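Thanks for making the time this morning. I would like to take you through the pockets of one protein, and then through its aromatic rings.

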Amino acid sequence: MTSVRFVFLFLSISFSAFAQKDYKLWLQYDRITNPKIALEYKKNIQGIVSLGNSETDQVSVKELENGISSMLGNKPEIKSEIKGENNLIIGSQNSLNPDLQKDLKQDLDKINDEGFIIKTIHFRNKKQLIISGKNDVAVLYGIFNFLRLMQTNKSIENLNITDSPKTNIRILNHWDNLDRTVERGYAGFSLWNWQKLPDFIDQRYIDYARANASIGINGTVLTNVNANALILTSQYLEKVEALANVFRPYGIKVYLTARFSAPIEIGNLKTADPKDLEVINWWKNKAAEIYKRIPDFGGFLVKANSEGQPGPQNYGRDHVDGANMLADAVAPFGGIIMWRAFVYSEHDANDRAKQAYAEFQPYDGKFKENVIVQVKNGAIDFQPREPFHPLFGAMPKTPLMMEFQITQEYLGFSTHLVFLPKLFQEVLESDTYQKGKGSTVAKVIDGTLYQNKLTGIAGVANIGNDLNWTGHPFAQANWYGFGRLAWNPYLDSETIADEWLRCTFSNDENFIKPVAAMMIESREAVVNYMTPLGLHHIMDTGHHYGPGPWVSNLSRPEWNPTYYHKADKNGIGFDRSKSGTNATSQYAPEIEKLFDNAATCPEQDLLWFHHVSWDYKLKNGQTLWNGLALKYQEGVNQVKEMQNVWNQTEKYIDSERFNEVKILLEIQQKEAKWWRDACLLYFQQFSGKELPVGVEKPTQSLEYFKSLKFPFAPGNG
Ligand code: GCV
């Protein structure tokens, strides 16, 4: 009995230590081990003086106190006034005394409403450090930035930092259902415990807000775009209000998805026609009801007339009618509408990749001021690699916001280590040429290309109630990286990986260097073992887990992988050039020209735009068939190399996270081989060619791979 109890005790101790590390994300605040750095920090932070007293200010002081005492081993003194030197003074513009305001005037002029200043000053002849901004949330951003400087062991001796976010709406989209399942969620169930809300406030809600604020995320859409109207009933709005109250001090606004047919489903109306007066009034009253509860409610995100969701077209109206009607309802309260452009129809025989552009581009300039159109990064659907969406840059009179997917629907779920900032960066850096050279997607998104006032980036969240929030410890880096890029779309993924590793694991260069390189490589690895050379959407259908290039029996043609790869005896790939669907014509002439010609098309996108023969010569002299097979093999080799790198890290980090990642990489390696073998065996039927030297022989038959079924794969509703 005793030994059983002992074992249980032991297990629960090690379990909670494990849970704690994983749970703390990038806010570990580990003790600083470098004595020189620790000394410098101690010298410069003799006390904390908080000049403000709002809820946010209190959160700021608490975060500083916790962070600093955990990193330095002793609690800094909290002072009520600026006495002595080497204090850390925190306070927003209005709380600064006139002398400080004068000292910081130039810096305050440089930042926007959410920007911050971290500066070493000499105030009344004494050296001090000050963190300020135009309001208390901006100061909180500064504080998290300061703590990050400490976590990454940077000098704080002589600071002079001003930084402002480049986009206004930096938002997570939770595809969370009211029954707590998460569409395309691979980290457990939804964080939102609707049954216990509004009375029970889970500590997780607070830690979620902290984590988001630490990377500058300022909004969250709580519910799935495949929306349930019930969220708009008073029974649920009371719960939403409770969450909004938790998030407010952290500068996070709450948004909801609006089901277009809600006036019928919960309002007892006969129609949801956006031109119907009763419908218009219903939405106006609903908005008023929400704002009465939540005065800073952000607005609605809407998926309409897409994949079976109701919308204005059900009543012979268009997207502009629908979006503008909702925009009018929230405008008096300062709300916005994020209207999604993710549309394609089974009644449209056109190439799916062309449909969103064809439908939305003509609406340019027709939306109300408080509407922003949310566009996925590519024209199909969050593939391991897609060329940038042709709508970017093509709607100069309409604000467009980016929709990235942080959850790995098409990238191995939460089992595969894939560092997504690399993918995000590739998209943001893409040059649309819509206003000449240098018209990058980032400039469309941050509004500098067309001087849009409303700007934003959304990320489909990868968060659930798993102990480590995201299923894979490294998937935390994708949440982190998304936030950092939403703040500054020009950051590079190397910087993000470096920061995240230092804050999450260790500052030891021997750990950082190889692991950062592994993260950077991981994105190309997944492309190689799943969809090399521009292949796309060949995942098994429905759940999208594993390969399914053979699937061809679904009712909607564009749901079948065979629609996308078009492999036959003559070759492989989707001809989107002039000789095919002419999707290339949706890009600016410079890009159209580049993509339209197989010889100039970047090889990474070749099969996205061209159907080429199995003997087509690649730039490295290989035939297409050999090159494709070698790419699949390269992907597998890259995962093996990731394992080698990881296996060397044991001495630098805790054994719990080390082991967890090790096991996950073993699964990733197995699944990379599964992808390689299944795809090559399938495509070989058409190419009729042997595998080239260097490609390992498959260990199973094509029939075996085809027989695999996953009826309960997660995230599939
Ligand atoms: C929320 C893809 C996903 C769907 C998702 C949809 C969307 O089709 O598979 O699960 O639905 O995108 O973005 O609306």
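Before the pockets themselves, a definition: a pocket here is an open set of grid points, on a 1 Å grid over the protein atoms alone, with protein on both sides within 12 Å along at least five of seven lines, and a residue counts as lining a pocket if an atom of that residue is within 4 Å of a point. Please keep in mind throughout that this is a predicted model.

With that in hand, let me take the second largest pocket, which has a volume of about 470 Å³. Its lining is made up of 26 residues, and those nearest its centre are Glu-183, Arg-184, Glu-307, Gly-542 and His-544. Sorted by class, the lining holds seven nonpolar, 10 polar and nine charged residues. Where does the second largest pocket lie? Both domain 2 (169–504) and domain 3 (528–574 + 611–707) give residues to its lining, so the pocket lies between them.

The largest pocket has a volume of about 620 Å³. It is lined by 28 residues, and Glu-114, Asn-168, Ile-169, Asn-218 and Lys-253 are the closest to its centre.

Now to the rings, where the structure holds 47 aromatic pairs. In one of them, the rings of Tyr-208 and Phe-247 have centres 5.4 Å apart and planes at 45°, so this pair is tilted. Tyr-208 belongs to helix α6 (residues 203–214) and Phe-247 to helix α7 (residues 234–247), so the pair ties together parts that are 39 residues apart in sequence. Tyr-208 is buried, at 0% relative accessibility, and Phe-247 is buried too, with a relative accessible area of 0%.

A second pair is Tyr-291 with Phe-333, whose ring centres are 4.6 Å apart and whose planes stand at 10°, so they count as stacked. Here Tyr-291 is buried, with a relative accessible area of 6%, whereas Phe-333 is partly exposed, at 35%.

Finally, two charges: the charged end of Lys-196 sits over the ring of Phe-200, 4.9 Å from its centre, and that of Arg-352 sits over the ring of Tyr-344, 3.7 Å from its centre.

Methods. Residues numbered from 1 in each chain as written. Predicted model: local features only at pLDDT ≥ 70, side-chain atom pairs only at ≥ 80, totals over all residues. Heavy atoms only, no water. Phe/Tyr/Trp six-rings, centres within 6.5 Å; stacked < 30°, edge-to-face > 60°. Helix = DSSP H or I, 4+ residues; strand = E, 2+ residues; numbered from the N terminus. Buried < 20%, exposed > 50% of the residue type's maximum accessible area, 1.4 Å probe, protein only. Lys NZ or Arg CZ within 6 Å of the ring centre and 35° of its normal. 1 Å grid on protein atoms, 1.4 Å probe; cavity = no way out; pocket = protein on both sides within 12 Å on 5 of 7 lines; lining within 4 Å. Points joined across faces, edges and corners; volume = space filled by probe spheres on them. Nonpolar A, V, L, I, M, F, W, Y, C, P; charged D, E, K, R; others polar. Domains from an automatic or database assignment.
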